[in-house]
Amino acid sequence: MSQQLTDIDLYHKVVHEQDAQALRQLYQKYEKLIYSFSYKMTQDQEVAEEAIQEVFLKLWKKHAPYDQSKGKFSSWLLTMTRNTCLDALRKRNRHETVEYIEKDTLRVSEETPADILEWKERGSAIQECMSALKEEQQQIVQLFYFNGLTQQAISKKTDTPLGTIKGRIRLALKHLKACLKGKGGHEDDSAV
C-alpha cells in the first residue's frame with residue numbers, strides 16, 4: 001500500500017529531485033484554486049491561465065523557495081499567485097492601449113458537475129463568511145486580496161495607520177478561517 005505524499009513531500013521531490021510526477025500531482029491538486037483566485041483578481045481568463053503556468057514554472061525552476069515555518073503550503077501558493085497576477089496586471093497596464101470589450105468568454109473545461117458544485121459551495125461559503133466580517137475588514141480583505149493593493153497603499157487610501165491595517169487583515173483572516181471551518185471547510189486551509 002503506497003503512502004499518500006503530503007504537499008511538502010511533493011514540493012521537496014520537485015525542488016530536489018526534479019520529479020515531474022510530483023509537480024503534476026501538485027498541479028492537479030491546486031490548478032482550480034489558483035485559476036479561480038487569479039480570475040477573481042484579474043477578471044481575465046488569459047491572465048488567470050498564464051498565472052497558473054507561471055506559478056508552477058517558478059516552482060519547477062526553484063525561483064520560489066518555500067519556508068514551512070512561515071505558513072501553510074497552500075497559503076504560500078496563493079501568495080505567489082497573487083504576486084504573479086499583480087506583475088501581469090502591471091505589465092498589461094503598461095503595454096495595453098486598447099481596452100478589451102469582451103470580458104466574459106466561455107471557459108472550456110473538463111470539470112465534472114461535482115467539481116462545479118463543490119466550487120460553487122465553497123464560493124458561497126466564502127461570500128457568506130465575508131459578509132459576516134465587519135465592514136472595515138471586508139473592505140481591507142477586498143483591497144488586499146482581490147484588488148492587489150499593498151498594506152501601505154491601503155493605509156494611504158483609507159487614511160488608516162499601517163499597524164491597524166495589518167491587524168484588521170490578520171483578524172479578518174482568523175474570522176474567515178473559523179467561519180469556513182464551521183461550514184465544513186477543509187483542514188488544508190486552501191480556501192483562505
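The report below goes from the chain as a whole to its cores, a helix pair and some loop residues.

## How to read this model

This is a predicted model, in which local features need pLDDT of at least 70, side-chain atom pairs count only at pLDDT 80 or more, and totals for chains, interfaces and linings use all residues. Residues are numbered from 1 along each chain as its sequence is written, and side-chain values use heavy atoms, with hydrogens and water left out.

## The chain as a whole

Let's start with the overall plan. The chain has eight helices and zero strands, and its pattern along the sequence reads α-α-α-α-α-α-α-α. Helices (H or I, at least four residues) and strands (E, at least two) are DSSP runs, numbered from the N terminus.

How much of the chain is buried? Of its 192 residues, 33% are buried. Here, buried means under 20% relative accessible area, exposed means over 50%, and partly exposed lies in between (1.4 Å probe, protein chains only). The chain exposes about 12600 Å², with carbon and sulfur atoms supplying 51% of that area; accessible areas come from the Shrake-Rupley method with a 1.4 Å probe, and for residues only the protein chains shown count as cover.

Among contacts between residues at least 6 apart in sequence, 63% join residues at least 24 apart. Contact means heavy atoms within 4.5 Å.

## The nonpolar cores

A nonpolar core is a set of buried Ala, Val, Leu, Ile, Met, Phe, Trp, Tyr and Cys residues joined through side-chain atoms within 4.5 Å. The largest one here has 29 residues, and those with the most contacts inside it are L26, Y30, F56, L59, F73, W76 and L77. Helices α1 (7-17), α2, α3 (45-60) and α4 (73-95) each supply at least two residues of this core, and the largest share, nine residues, comes from α2. Apart from this core lies another, of eight residues, among them M130, V141, L176 and L180.

L26 is buried, with a relative accessible area of 0%. Leaving aside neighbours within four places in sequence, L26 is in contact with D7, L10, Y11, V14, F56, L59 and F73. L26 and V14 are 12 residues apart in sequence, and their C-alpha atoms are 9.5 Å apart in space.

Next, look at F56, one of the partners of L26. With neighbours within four places in sequence left aside, F56 is in contact with L23, L26, Y27, Y30 and I34. V55 belongs to helix α3 and, at 0% relative accessibility, counts as buried. Not counting residues up to four places away in sequence, V55 touches I34, L77, M80, T81 and T84. The C-alpha atoms of V55 and L77 are separated by 7.7 Å, although the two are 22 residues apart along the chain.

## Where two helices cross

At what angle do the axes of α6 and α8 cross? The axes of helix α6 (residues 135-146) and helix α8 (residues 162-182) come within 9 Å and cross at roughly 95°. The two helices are therefore roughly perpendicular to each other. Axes are lines fitted to C-alpha atoms, for helices over the stretch in contact, and angles run from 0 to 180 degrees between N-to-C directions. Angles under 35 degrees count as roughly parallel, over 145 as roughly antiparallel, 65 to 115 as roughly perpendicular and the rest as oblique.

The α6 side of the contact is made by E136, Q137, I140, V141, F144 and Y145, and the α8 side by I165, R168, I169, L171, A172, L173 and H175.

## Residues in the loops

Most residues other than glycine have a negative phi. Q43, which is not a glycine, has a positive phi of about 55°. Q43 lies in the loop between α2 and α3 and counts as partly exposed at 40% relative accessibility. D159 also has a positive phi of about 55° without being a glycine. D159 is in the loop between α7 (151-158) and α8 and counts as exposed at 71% relative accessibility.

Leaving aside neighbours within four places in sequence, T150 is in contact with R82 and F144.
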